[in-house]
Amino acid sequence: MAYKFVDNYREKGARKKLVEHLKSRGISDTKVLNAIGKVPRHFFFDETFWIQAYRDIAFPIGDGQTISQPYTVAYQTELLHLKKGDKVLEIGTGSGYQTCILMELGADVFTIERQESIYKHTIRVLPGMGYHANFYYGDGSIGIAEHAPYDKIIVTAGAPFVPEALLKQLKIGGALVIPVGDEHSQKMVTVFRVDEKDYEKIELDTFRFVPLVGDQAW
Ligand code: SAM
């Protein structure tokens, strides 16, 4: 049975303050900021912790999962330069917060999670909030070949290298955003597919993600 959420939390402008905070940290894409301002992040938290929902922190939300830090979500989303109707592959559904942000930006999202308990939880939560993404259970390090190619691919777990399968599933002119490094820290990497064979890679800031575990991963 799907959850149905009723928004009765008086967050007293906390969501707006979060948006202002993200601006002060350098997030400048208005569409991304508007999406952060729209998604009710407290829906991902147990009621006891609603007070924490609009702080710029990652947070454990049960089932062994964490909801990503808003800054990280905004940073990765900004790098995607999404256009309405873009077909997006997201590796690591987790709580589904990032999925909601992508959908607020008009993306057609294919999202995959490898942990069954998390997958089962999120496929109930998101539709209850009105976000009907295409949910998959399995190893996203090999992508989802049957729906390729994608305009954009976002990986929300730390990879040891850029998986070859994801590069192949990217449209020409498309972009892949993925944190790459060791288990302690990763550089945010954007890979653009220039043509059939050529890719351009840009390395950006340092982050710390949970590991991407799978066939073309840890
Ligand atoms: N983006 C989510 C959010 O907004 O809250 C948080 C994602 S969490 C940091 C990373 C997720 O990637 C975890 O749920 C983990 O189980 C998942 N993951 C790790 N390796 C994976 C793989 N090979 N395929 C799919 N999901 C994977």
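I began with contacts (heavy atoms within 4.5 Å): in the chain, 55% of those with a separation of 6 or more join residues 24 or more positions apart. The model is predicted, so I note that local features need pLDDT of at least 70, side-chain atom pairs count only at pLDDT 80 or more, and totals for chains, interfaces and linings use all residues. Residues are numbered from 1 along each chain as its sequence is written, and side-chain values use heavy atoms, with hydrogens and water left out.

I then looked up burial (buried is under 20% relative accessible area, exposed over 50%, partly exposed in between; 1.4 Å probe, protein chains only). Buried residues are 51% of the 218 in the chain.

Next I went to salt bridges (a side-chain nitrogen of Lys or Arg within 4 Å of a carboxyl oxygen of Asp or Glu). I count 7 by this rule.

One of them joins Lys152 and Asp86, 2.9 Å from N to O. This pair links distant parts of the chain, 66 residues apart: Lys152 is in strand 6 (residues 150–155), and Asp86 is in the loop between helix 3 (70–80) and strand 3 (87–91). For helices (H or I, at least four residues) and strands (E, at least two) I used DSSP runs, numbered from the N terminus. Lys152 is buried at 7%, and Asp86 is buried at 5%.

I also checked Glu116 and Lys120, whose closest N and O atoms are 3.2 Å apart. Both lie in helix 5 (residues 116–129), 4 residues apart, about one turn of the helix. Glu116 is partly exposed at 39%, and Lys120 is partly exposed at 48%.
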